[in-house]
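Biologist: Can you take me through this one? I would like to start with the interface.

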Amino acid sequence: MNLTQTFASVVASSQIDANNIEPTVNNPAVATGAFSYMWLLLALPLLGAALLLIGGKRTDKWGPYFAIAMSCGAFVVGAIMYLKMLGLPANDRPVNLHIWDWVIVGRFQAPLGMQLDQLSIVFVLLITFVGSLIHIYSLGYMKHDPEKRKFFAYLNLFVAAMLLLVTADSYLLLYVGWEGVGLASYLLIGFWMYKPTAATAAKKAFVVNRVGDVGLSIAIMLMFVTFGSVTFPGVLNNAAEGNPTTMTWIGLMLLLAACGKSAQFPLQSWLLDAMEGPTPVSALIHAATMVTAGVYLIVRSGPIFDATPTARTVVMIVGAITLMFGAIIGCAKDDIKKALAGSTMSQIGYMILAAGLGPVGYVFAIFHLVTHGFFKANMFLGAGSVMHGMNDQLDMRRFGALRKVMVITFITFSCGWLAIMGVPPFAGFYSKDKIIEAAFGVNWIVGAVALLGAGITAFYMTRLWTMTFTGKSRWTEDNKHPHESSSVMWIPMAILAFLSVVAGFMLAGAIETWLAPVTGFEETELAVSSLVMEAASLALVIIGATIAYLQYRRDVPLVAPQHVSPLTVAARHDLYGDAFNEEVFMRPGQWLTRSLVFFDNRGIDGLVNGIAAALGGLSGRMRRIQTGFARSYALSMLGGAVLVIAALILVRT
Amino acid sequence: MIQLLGAAANQTFEMPSIDYHQIAPILVVLGMAVVSVLVEAFVPREARRNVQLVLTFATLIVAFILVVSLAGQRALAAAGAVAVDGPSLFLQGSLLILAIMAALLVAEKGVDSAGDAFAARANALPGSVDEREFTKRGWLTTEIWPLFLFSVGGMLLFVTGSDLLILFVGLEIMSLPLYLLAGMARRRRLLSQEAAMKYFLLGAFSSGFFLYGAAMLYGFAGTVDLGGIADAVNANAGQNGLLIAGMALISVGLFFKVAAVPFHQWAPDVYQGSPTSITSFMAACVKLAAFGAMLRIMYVALGGLRWDWRPMFWVIAILTMFVGVIIALTQTDVKRMLAYSSIAHAGFLLIAVIATNEQGIGGAMFYLLAYGVATIGAFGVVSLVRDSTGEATHLSSWAGLGKRSPWVAGAFTIFLLSFAGIPLTAGFIGKFAVFEAGVAGGAGWLVVVAVIASAIAVFFYGRVIVIMFFTEPQADGPTVVIPSSFTAIAIAAGLALTIVLGIIPQPFLDLAEKASIFVR
C-alpha cells in the first residue's frame, strides 16, 4: 500500500516528461545520510538467518518471530530509503555505498559496494514487502512442522541473497547474491528432503541453475577482459563503445544466466518440479525472488543489449517461446501448484519478452514483474490455503465447490485470477496490455504471440479457478470438511488481493517516469490506437475464459482422461522438456563421462597409478634411511656439510 | 690535566647508549623468565601452576603490545647488536602470537586424566615407584613455564640479532630449554627421553657448525657484525677460503634448525617423541625464528655473495621438498607425517631465501605465519584424539573420525588443506607469495619443481581426509576428548587465522610487504 500510494505521489510531484528518456544514470553519488544505512537491508535478514541457524534449537521458540521481524525491518529500511529517494531530483537518486575492497591486485580491482537506484529500490520494496507477507503466512502454514525454525532461517537467507543480488553495485557481487539465491532455493525446495521427490527436485533446480550460472560467470569474465571492470558504471557506461560481437556474446551469456534463474526456455524444466517445496517457498520463488532475478539482470544490463540487436532479438524470442510454453503446460496440469507454476513460466516469459524489446519494454517488464509479484504471491498463498484446508490435496480434480467453505480464499484468489487474466481494472490489465502493445510496436509476430498468450492465460487460469472453487464437490473420502485458514494466513492473502486489484492503476504512468532515468523509455508507436489493442486482448481473454468455464463447470472426471489430443499429452509431460534434456544433454553427457572414465582408467590413471606406485616404492626405500640411530643422523649431517662446502667451492671455481 | 683525563677517557671502555624501548620485548620475556624461576622456588606447589599461567600469558601479551608499539622503527639498537626493523618486528609479532597459541596447548590439563601432558617429575625413572607416587599426588612439572619463556626469549633475540655472536646466543637460549621440554612427556616417556637426547646431541653438533662458521667469518671480516661482514665481502670479492667455509658452516647450523635435508633426520623422531604441545611450539616457532635468522644472515651479511650460495641452496631446497613429501607418503603416524610435512615446508620456504628480493622476505614472513597457525591448530587436534594409552597417533585409528567428531575432523581438514595450499586457506596465499617471489627472483624452474612437490604433497594430506571421512570407524577406535577452553581457544584461533588469512590476505600481505626491508 505504501508502495502504491507513494508511487502515485510521484506522478503528482514529478515534472519530468516520461516520453523518450535516455538513461542518464550509472554515475551514482556516494551514499550519505540515511542512505549510508542501506547495509541494514542485507544485515537484518542475514542476522536472522545466522542467529536461527547458529542458535539451533535454543531459538525454536522465538526464532520465527525474529525472522519475521528481520524481514519486516528490511522492508522498513527499504521504505525509508525509498521515501528519501523521492525527495531527490531524478538524477541524484542513484547512490552507492562503498563497503569493502575485496581484492585490489594490479589490474584486477574488486571494490564491493551497494548501489541503490530507482530500479533496485523497486525490487527492494517488492522483495521485502511480499517476502514479509510470506514470512507471516508461513507462521500459520508451517505451524506444525518440527523444523519450523530452520525454515524461517532459510527464508531469511533467501530474502538476504535476493536483496544482495539487486543492490550489488557490480556484476561480481551480483554473482554472489545470484549464487546465494541458488543455495537458498536449493535448501527450501528440498526442505522436506525425506521425500525423495523433494530431494530430487532441489537437486534438479540446483543443477539446471548451474548451467545458467556458467553463463553469468562467462559474461563477467568477458566484461572484465573487455572493459577491465565489473562494476555497473564501469561496464554499462562503456557498453556502447564495445565491439558488437563481444557485446553479443556477453548479452547471450547474460541471457543464459537469466534463463536459468527465471526458468526460461530451454532451462525451464526445474520450475515445475520445484513445487515440491512448501507452498510459501513456491510463492517466494515465483513472486518476489529467484525467477525475477533474470528479468532484473537483463533490465539492469540494458546498455549491453542496446549495443547488440542480435542478443536483444534472441531475448525477445526466448521470452515469446517461454510464454507459449508455460501457457500450454498450464492448460494440462491437474496439480494446482503445477498449473500455477506453468503460469509463472508464461508470465515471466512476458517480462523477458518485454525486456527484449529494448527501451520501449524495460519499464513494462518491471511493471509486470511488480504486479505479477502481487497477484502470483496472492494465488500461491491461496493455493496453499486450499491445500491446508484439504489435507494437502493438490489434485484439482478432487476440489470443486470450495467457494462456499473457503470464502476468504475464494475472494482473494478471484482477485488474483482476474488480475492475471488482465481484466480491467485489475493489476494485470495495465501491465500486460502495455507489453502486448509494445510487442506489436516492434514486431507483429511477437505481438501476436503475446496476444494469443493472453487468451490462453485466461483459459488455463479460468480452468484452475473453476475446477477449484465452483461446480460440485469432488472431495476424497478423508476430506469431507474443508475449512478456511487462520487469520495469520488469510490476512497476508487479503493484503495481496487488495494490491492485485489496485496496483495496476496506481502504478500505471508513474512507473515509467520513475524508472526512465535508469532504464530509458520510449513511447511505443502503434498503427492502431491502444484502445483497439485493449479491446482485442480483452475479447480473447473473454473467449478463453468462457471456453474454460463452460468446459470445467461441471462433469470433471475424477481421473484425467487418457484419450486426449497429442498436444494435451505433451503438455502433461511439460512439453517433453525433461525428455529433451535427457536425450540431448544427459545421455550424450553420460556417454561422454563414460568414455572419459574409460580413457581415464586406461590412460591417465595408468600414468597416475604408475607414478604413485613409483613414489610409494621410493618412499618405502627412503624411509629406511631413517634408522633411529643418532650416530647415523650425525653422519648424514656431516655428509650434508661436506656437500654444502663442495657445492660452494664448485660454484666458486 | 683536563686534556689528560680526556685522553684517558678515550681509551677506556665507553658505555654504549641503549634505547631500552627498542629491545623491551626481549628484555620483558627474558626478565619474566627469571621471575618465573623464582616463582618455582618460592611459591607453594598448589599455587604454582596458576601463578605461572598468569605470568606467562601476561608476559607474552605485554611483549606483543611492546612489539606493536615499536611498529615503524628502523634502527640498530644496543650498539649494533640488535636490529629493530620491519622483518624483525613482524617476525617477533608472529612469534608471540604463535607462542601464545602454543602456550594455550601447553597449559591444557583437561584431556589426560592424570594431569597435563608433562611428566609428574621429570627426574623420576619411567615406570618406577616414585613416578607412580608423584602421579598419585597429582604433582605437575611447572618448571616447563620458565623453560618455555626462556625459549621464546631466545627466539625473539634470534630473529633480531644483527651480529653473529648475538645470533648464537639467541640460538642457544632458544634451543636449550627445548631439549629439556622435549623429554618431559607424561606418556611414552622413554620415547620422549630418547627424542630429547637425540635432539640435544644433534643440536649441539649443529651449534658447533654454526659457531665454527661464525668464527671463520670473523676471521675473514674481522667483525661479527652482519653489516661489517657485508662490507668486507664487497671490499674483498675474490676467493677466500675462510669466507666460503664460514658461509657453508653457518648455513649448516641454520639448515639443521629449519630441518632441511640432509640435516632433517632429528625432526620426525623429536616431533613424535615430544609432548604434542611442545612439538607444535617447535614446529611453528623454531622454524619461524630460524628462517628469520637465515633470511637476515643470507640477505644482509652474505647478500653480495648470492651468486655463490644460491646453487647450493637450490640443491638443498629441491632435496628438502622431495625427501619431505616422498617420505611423508608412507608415514602411518600422524605426528611423523606432520614432521615430514614440516620438512617439505622448509623446502618451500627456502625458495623465498633464494629469491633474495623484497617479495621473498614478505612472502616468507606471511608463509611462516600461515604455516605456524595451521601447525599449532593441527597438533592441537592431534592432542585430542586419544585412547586408553594416551594420544592415538596411528593413522589407522583415525578412521571414520569425521563421522564421530565432525567438528574436530573438519578443523583438521582445514589445517591439512592449508598445508596442501588449497585456495581460500592461508597456506595457498603463502605458497603463492613465496612462489611469486621465487619467479621474480629468477628461480622459475625451482618454482616448477616446488609445484610438482606440492602436487605430491596433496596426496598424503588428502589421504588423511579420506581416512577421516570416507572409511568406517573402528569399533574400539580412539575417542575425541573434550578439552578445556585452553586447547579449544588455540584450535579455534588457528582455524580462524587460517581462514581469515586465506580469504582476506591483503591487509596482512600489505603489512608483510611494508615490513620487508632489513636495516643494516
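Biologist: How much area do chain B and chain A bury between them?
Modeller: In this predicted model, chain B and chain A bury about 3,100 Å² between them, buried area being the accessible area (1.4 Å probe) that two parts lose on being put together, summed over both. Carbon and sulfur atoms carry 71% of it.

Biologist: Which three residues supply more than any other three of the area that chain B buries?
Modeller: B:Ile244, B:Gln265 and B:Ile326, which supply 19% of the area that chain B buries against chain A.

Biologist: And how many residues does the contact take from each chain?
Modeller: 45 residues from chain B and 32 residues from chain A, where contact means heavy atoms within 4.5 Å.

Biologist: How many salt bridges are there between chain B and chain A?
Modeller: The count is zero, with a salt bridge taken as a side-chain nitrogen of Lys or Arg within 4 Å of a carboxyl oxygen of Asp or Glu. There are 10 residue pairs in polar contact between chain B and chain A, both residues at pLDDT 80 or more. A polar contact is a pair of N or O atoms within 3.5 Å; within protein, one must be able to donate a hydrogen and the other to accept it, and residues adjacent in sequence count only if both atoms are side-chain atoms.

Biologist: Which elements of chain B give two or more residues to the side that touches chain A?
Modeller: Helices H8 (189-221), H10 (241-258), H11 (266-273), H13 (306-329) and H14 (334-355) of chain B; helices (H or I, at least four residues) are DSSP runs, numbered from the N terminus. H13(B) has the largest share, 11 residues. By class, that side of chain B has 31 nonpolar, nine polar and five charged residues, with Ala, Val, Leu, Ile, Met, Phe, Trp, Tyr, Cys and Pro counted as nonpolar, Asp, Glu, Lys and Arg as charged, and the others, Gly among them, as polar.

Biologist: Back to salt bridges. What is the count over all chains?
Modeller: 21. One of them joins the side chains of A:Asp213 and A:Lys261 (3.9 Å, N to O). A:Asp213 lies in helix H7 (residues 196-227) of chain A and A:Lys261 in helix H9 of chain A, so this pair ties together parts that are 48 residues apart in sequence.

Biologist: Now the backbone. Is the peptide bond from B:Val261 to B:Pro262 cis or trans?
Modeller: Cis, with omega near 0°, and B:Pro262 sits in the loop between H10 and H11 of chain B. The bond from A:Pro424 to A:Pro425 is also cis, with omega near 0°. A:Pro425 is in the loop between helix H18 (407-421) and helix H19 (427-442) of chain A.

Biologist: What about phi of A:Ala263?
Modeller: Near 55°, a positive value in a residue other than glycine.

How values were computed: Residues are numbered from 1 along each chain as its sequence is written. Chains are lettered from A and ligands numbered from 1 in the order in which they are written. This is a predicted model: local features need pLDDT of at least 70, side-chain atom pairs count only at pLDDT 80 or more; totals for chains, interfaces and linings use all residues. Side-chain values use heavy atoms; hydrogens and water are left out.
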